Amino acid sequence: MSDRLSIALIRGDGIGVDVANAAVTVVDAAVAKAGLPALTYREITAGAGYYKETGRDIEPGGEARAGELDAIFLGAIGLPSVRHDDGTEITPHLRLRDRYGLYAGVRPVKAYPNAPRRLADPRAAGIDMVILRESTEGLFFSAATHGRPNFSSDDEVRDTLRITRPTTEKLFHFGFRLAEKRKARGRPGKLTCVDKANVFNSMAFFRKIFDEVSPKYPDVEATHNYVDAQALDLIRKPWEFDVMVMENMFGDILSDLGGGLVGGMGMAACAEIGDEVGLFQPAHGSAPDIMGQDKANPLAAVLSGALMLDYLAERTGNQRWAEAAEFVEVAVQSGFEENRLRPIEFGGDMGTIAVTKELLELLD
């Protein structure tokens, strides 16, 4: 593989454009600091705005081209006023997940100094965990964008929840390896399977596979929690968790809860990783009401960029990409510790441009 890597860049809708621009700027600075060749960005147009203009949610050939490059970076997609005829959102990114088997949805949840803390308990300052969301199956398997058959009439609608052994085994192996990596960096190294195995056959099957994979990782503490209890525990004692692995819909809900614990969705980074392709995006929406107003918090996008750099290190075997990722993470950490990052989202005085500029100075 060449040292010169190419990224598919989908800026998308609303503040997706703003935060993608910020993330690219910061990532490029970290790459330069690590002494690496500059990344090349190949733009692909997609989103609700494009759909409104053309009737397509991604440019012709865009899906195929995205998967041919070394990674995909996405700003945000969706506009409240633009919907399919059935009322569902414009979601080409869900189709990208499905097409490229991006089963491992990695959602870090980390508390930073001087950022809003929703829990009064002082232990909340130490929140540092990861929600690992399966991203191709579960209840999202039958999402409208996939065009998969479901029962539907004017009296009843049924959606399908799908759990398969091959995807679930890969997900759990990914989760245990992630817990091992975190343990090597001083974290607890614990993996919690979050399910509803006491009610649903699909969830009992999910837990059964977890218990089959678990003995292969004796150095990782493996635990279980029902999803309703997990939601409660994320309020009562989130500092006791390290990595939590779960079905798609559960992960969609609990990752937003996690984001709320550490300030808001403006801190919610996301990686979606498959066997051959990785997609990186902030987990927040497009917030078109503040697009172009220099109000968006770019840190979720910036931290997603750091996840992308880590992924490139694994993909290439070149650890300098991981060093670049660490430069970004340290800049964000230091920026909050020194009160140099004060996003408007948190009641501060710094918009998208000012936060980006401060990160560049912290990287210098």
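Before I turn to volumes, one definition: a pocket is an open set of grid points with protein on both sides within 12 Å along at least five of seven lines, and its volume is the space filled by probe spheres set on those points. I also note that this is a predicted model.

**Entry 1: the domains**

I started with the division of the chain. Domain 1 covers 1–108 + 268–363, and domain 2 covers 117–144 + 162–262. I looked up how far apart their centres are, taken over C-alpha atoms, and found 23 Å. Then I checked the contact between the two: 17 residues of domain 1 touch 18 residues of domain 2.

**Entry 2: the largest pocket**

How much space lies in the largest pocket? I read off about 1,300 Å³. Its lining has 38 residues, and the ones closest to the centre are Leu 178, Arg 185, Leu 307, Asp 310 and Glu 329.

I next asked which elements build this lining. Those that supply at least two residues each are strands S4, S5 (128–134) and S9 (271–273), together with helices H5 (165–184), H9 (299–316) and H10 (320–337). H9 has the largest share, with 8 residues. By class, I find 22 nonpolar, 12 charged and 4 polar residues in the lining of the largest pocket.

I count on 34 lining residues here, with Glu 89, Thr 91, His 93, Leu 94 and Phe 140 nearest the centre. Strand S3 (71–76), helix H4 (92–99) and helix H8 each give two or more residues to this lining.

The classes in the lining of the second largest pocket are 16 nonpolar, 10 polar and 8 charged. I checked the domains again: domain 1 and domain 2 each contribute at least three residues to this lining.

I then went through the cavities, where a 1.4 Å probe fits but cannot get out. There are 3 cavities of 30 Å³ or more. The largest cavity holds about 60 Å³. It is lined by 13 residues, and I noted Arg 107, Pro 108, Ser 255, Gly 259 and Ala 268 as the closest to its centre.

Strand S4 (104–110) and helix H8 (248–261) each supply at least two residues of the lining of the largest cavity. H8 gives the most, with 4 residues. The lining of the largest cavity divides into 8 nonpolar, 3 polar and 2 charged residues. Both domains give residues to this lining, so the largest cavity lies between domain 1 and domain 2.

**Entry 3: a helix pair**

Last, I looked at helix H1 (residues 15–33) and helix H11 (residues 352–363). They pack at an angle of about 5°, with their axes 10 Å apart. Angles under 35 degrees count as roughly parallel, and H1 and H11 are therefore roughly parallel to each other.

Which residues make the contact? From H1, I listed Asp 18, Ala 22, Thr 25, Val 26, Ala 29, Ala 30 and Lys 33. From H11, the list is Thr 352, Thr 356, Leu 359, Leu 360 and Leu 363. By class, the contact of H1 with H11 has 7 nonpolar, 3 polar and 2 charged residues.

Methods: Residues numbered from 1 in each chain as written. Predicted model: local features only at pLDDT ≥ 70, side-chain atom pairs only at ≥ 80, totals over all residues. Heavy atoms only, no water. 1 Å grid on protein atoms, 1.4 Å probe; cavity = no way out; pocket = protein on both sides within 12 Å on 5 of 7 lines; lining within 4 Å. Nonpolar A, V, L, I, M, F, W, Y, C, P; charged D, E, K, R; others polar. Domains from an automatic or database assignment. Axes fitted to C-alpha atoms, helices over the stretch in contact; angles between N-to-C directions. Parallel < 35°, antiparallel > 145°, perpendicular 65-115°, else oblique. Contact = heavy atoms within 4.5 Å.
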